[in-house]
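This briefing concerns a predicted model. Please keep the sequence and the structure in view while reading the points that follow.

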Amino acid sequence: NVIIKGVDREDGFLRNYVAGRNTPLTEFVVEKLPVMLHGTGDLYASCLMAAVMAGRSLQEAVAFAGDFVHDAMLVSAEQPDFKDRGVSFEPLLGKVCELL
């Protein structure tokens, strides 16, 4: 299987894709936020793996990871000096626990 994340078609959305030999090409769309933060790729990969290890399908894992990173960026944007500190995901860790 292959996952491609963060495809920007300059239409206000980011797209994540999953496909494989036995996995149909599936597109997941999230709102593109007007901010760039360090750590979002690492966070995406961690959330993806957490969902897979919790027994979710690859499609569910890709959707979860994209939504989680998006929500973490929204949380981060409300914090002081957020551009200097990177993505703040800690307030959302309960969503990872809900996978279990």
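**Leu43 and its surroundings**

Leu43 is in contact with Phe68, Val69, Ala72, Val87 and Phe89, leaving aside residues up to four places away in sequence. In this predicted model, Leu43 is also, together with Met73, one of the two residues that touch the most other members of the largest nonpolar core, a set of 22 residues.

**Core composition**

- Helix H1 (40–53) and helix H2 (58–77) each contribute at least two residues to this core.
- The greatest contribution comes from H2, which supplies eight residues.

**Helix H1**

- The 14 residues of H1 should span 20 Å at 1.5 Å a residue, and this agrees with the end C-alpha atoms, which are 20 Å apart.
- Thr40, Leu43, Tyr44, Cys47, Leu48 and Ala51 are the buried residues of H1.
- An α-helix has 3.6 residues a turn, so residues three or four places apart point the same way.
- The buried residues of H1 pack against strand E1 (2–8), strand E2 (13–20) and H2.
- Asp42 and Met53 are exposed residues on the face of H1 turned away from its buried side.
- Gly55 follows H1 and has a positive phi, near 95 degrees.

- Pro34 is located in the loop between strand E3 (23–31) and H1.
- The C-alpha atoms of Pro34 and Val18 are separated by 25 Å, the two residues being 16 residues apart along the chain.

Notes. Residues numbered from 1 in each chain as written. Predicted model: local features only at pLDDT ≥ 70, side-chain atom pairs only at ≥ 80, totals over all residues. Heavy atoms only, no water. Core = buried A, V, L, I, M, F, W, Y, C linked by side-chain atoms within 4.5 Å. Buried < 20%, exposed > 50% of the residue type's maximum accessible area, 1.4 Å probe, protein only. Helix = DSSP H or I, 4+ residues; strand = E, 2+ residues; numbered from the N terminus. Contact = heavy atoms within 4.5 Å. Expected span 1.5 Å × (residues − 1).
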